Amino acid sequence: MARNDSLRRGNNIEMLILSILSTEDCYGYQLSLLIKDYSQGKISLPEGSLYPALYKLVDNGLISDEKRQVGKRLTRVYYHMEPEGKDYLNQLIEEYNSLHSGIQSILNKTKEGDELTHV
Amino acid sequence: MFKKRNDFDQYLKNVRISFPVFHKAERRFFQDFSANVREYQAIHPMSTLSDLEEEFGRPKDIIMDYFYNMNSSSYLLYMKRARYLRIITASVIIFLIAGTIIESYFYYTLYKEWATNEIKSEQTVIYYLDE
């Protein structure tokens, strides 16, 4: 049986990043703000988690980065999703849904078991 | 205003010195992280050090998070580098100790040679007998 990496924390971070980049190009700080905003404050992605995931996606050619000068002193690195990134995002979403339903099944079973033992 | 700017610089300095290693990858991360802090500074110029720690996290947590999420091949490379560094350090120490011992022995044999071949002074008394 092939090893399932769905439980890896990094996969979820990559999925969130790609999901946002599928709508628009973003820079790092904007990404972390959007994740916080879209999740209504429930998910906060610290820079220490965000950037290693971004670098991995860039190194694998799933997203590309571009430096843009903003104002006189500020330079932003914008990330753009490549077509390969879109395929990878679909794969991650599929894995996530499968994992989610698997976890839900376990919770339902154990809940049933709990009730049975209590009865 | 000047004090506030110092808080941002101090925070970035605290993050920078918290890195146990600072190679190319860490430099890249620190540059991006600094850019984020500067973005925040532009929006919230009056923020204090504690505000920054609340927004971005304590320096120690940032570093721990970074190393937890970093590419595992880079992590292995660091482990390898640390191993090589240990081997090189141990080799240098052993070489220095061995060199010192050999040098000491060399000087000791020189001393011994000098001690055994030392020119002994001899006093000769000549008496002239009166005729």
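Colleague: Are Phe29(B) and Tyr66(B) buried or exposed?
Modeller: In this predicted model, Phe29(B) and Tyr66(B) are both buried. That label requires a relative accessible area under 20%.

Colleague: How many aromatic pairs does the structure hold?
Modeller: Over all chains there are 18 aromatic pairs. Phe19(B) and Phe67(B) form one of them, with 6.5 Å from centre to centre and 70 degrees between the planes.

Colleague: What makes the pair of Phe19(B) and Phe67(B) edge-to-face?
Modeller: The angle between the planes of Phe19(B) and Phe67(B) is 70 degrees, and planes over 60 degrees apart count as edge-to-face. The pair is therefore edge-to-face.

Colleague: Why can the pair of Phe19(B) and Phe67(B) be said to tie parts together?
Modeller: Phe19(B) sits in the loop between α1 and α2 of chain B, while Phe67(B) belongs to helix α4 (residues 59-69) of chain B, so the pair ties together parts that are 48 residues apart in sequence. Both Phe19(B) and Phe67(B) are buried.

Colleague: Why is the pair of Phe29(B) and Tyr66(B) called stacked?
Modeller: The ring centres of Phe29(B) and Tyr66(B) lie 4.6 Å apart and their planes are at 25 degrees. Pairs need centres within 6.5 Å, and planes under 30 degrees apart count as stacked, so this pair of Phe29(B) and Tyr66(B) is stacked.

Colleague: Where do Phe29(B) and Tyr66(B) lie in the chain?
Modeller: Phe29(B) is in helix α2 of chain B and Tyr66(B) in helix α4 of chain B. They are 37 residues apart, and the pair links distant parts of the chain.

Colleague: What lies over the face of Tyr78(A)?
Modeller: Arg68(A) does, at 4.1 Å from the ring centre. The distance limit for such a charge is 6 Å. Likewise, Arg76(A) lies over the face of Tyr27(A), at 4.1 Å from the ring centre.

Colleague: Why does Ser34(B) count as buried?
Modeller: Ser34(B) has 14% relative accessibility, and buried means under 20%, so Ser34(B) counts as buried. Its place is in helix α2 of chain B.

Colleague: What makes the approach of Ser34(B) to Phe30(B) a polar contact?
Modeller: A polar atom of the Ser34(B) side chain lies 2.7 Å from the backbone oxygen of Phe30(B). The limit for a polar contact is 3.5 Å.

Colleague: How do you know that Ser47(B) counts as buried?
Modeller: Ser47(B) is at 5% relative accessibility, and the limit for buried is under 20%. Ser47(B) is found in the loop between α2 and α3 (49-56) of chain B. A polar atom of its side chain lies 3.0 Å from the backbone oxygen of His44(B).

Colleague: Why is Pro46(A) called partly exposed?
Modeller: The relative accessible area of Pro46(A) is 27%. Exposed means over 50% and buried under 20%, with partly exposed in between, so Pro46(A) is partly exposed. Pro46(A) lies in the loop between α2 and α3 of chain A.

Colleague: Why does Gln40(A) count as exposed?
Modeller: Gln40(A) has 66% relative accessibility, and exposed means over 50%. Gln40(A) also lies in the loop between α2 and α3 of chain A. Its phi is near 55 degrees, a positive value in a residue other than glycine.

Colleague: What elements does chain A have?
Modeller: Chain A has four helices and three strands. From the N terminus on, they run α-β-α-α-β-β-α. Of its 119 residues, 37% count as buried.

Colleague: What volume does the largest pocket have?
Modeller: Its volume is about 630 Å³. The lining has 24 residues, and Arg73(A), Leu74(A), Thr75(A), Ala35(B) and Arg38(B) are the closest to the pocket centre.

Colleague: Which element supplies the largest share of the lining of the largest pocket?
Modeller: α2(B) does, with nine residues. By class, the lining of the largest pocket has nine nonpolar, five polar and ten charged residues.

Colleague: How many residues line the second largest pocket?
Modeller: There are 15, and those nearest its centre are Asp59(A), Ala25(B), Arg28(B), Tyr66(B) and Ser74(B). The second largest pocket holds about 320 Å³ of space. Its lining divides into seven nonpolar, three polar and five charged residues.

Note on methods:
Residues are numbered from 1 along each chain as its sequence is written. Chains are lettered from A and ligands numbered from 1 in the order in which they are written. This is a predicted model: local features need pLDDT of at least 70, side-chain atom pairs count only at pLDDT 80 or more; totals for chains, interfaces and linings use all residues. Side-chain values use heavy atoms; hydrogens and water are left out. On a 1 Å grid over the protein atoms alone, a cavity is a set of points where a 1.4 Å probe fits but cannot get out, and a pocket is an open set with protein on both sides within 12 Å along at least five of seven lines; lining residues have an atom within 4 Å of a point. Grid points are joined across faces, edges and corners, and a volume is the space filled by probe spheres set on the points. Helices (H or I, at least four residues) and strands (E, at least two) are DSSP runs, numbered from the N terminus. Ala, Val, Leu, Ile, Met, Phe, Trp, Tyr, Cys and Pro count as nonpolar, Asp, Glu, Lys and Arg as charged, and the others, Gly among them, as polar. Rings of Phe, Tyr and Trp (its six-membered ring) pair if their centres lie within 6.5 Å; planes under 30 degrees apart count as stacked, over 60 as edge-to-face and the rest as tilted. Buried means under 20% relative accessible area, exposed over 50%, partly exposed in between (1.4 Å probe, protein chains only). A charge sits over a ring if NZ of Lys or CZ of Arg is within 6 Å of the ring centre and within 35 degrees of the ring normal. A polar contact is a pair of N or O atoms within 3.5 Å; within protein, one must be able to donate a hydrogen and the other to accept it, and residues adjacent in sequence count only if both atoms are side-chain atoms.
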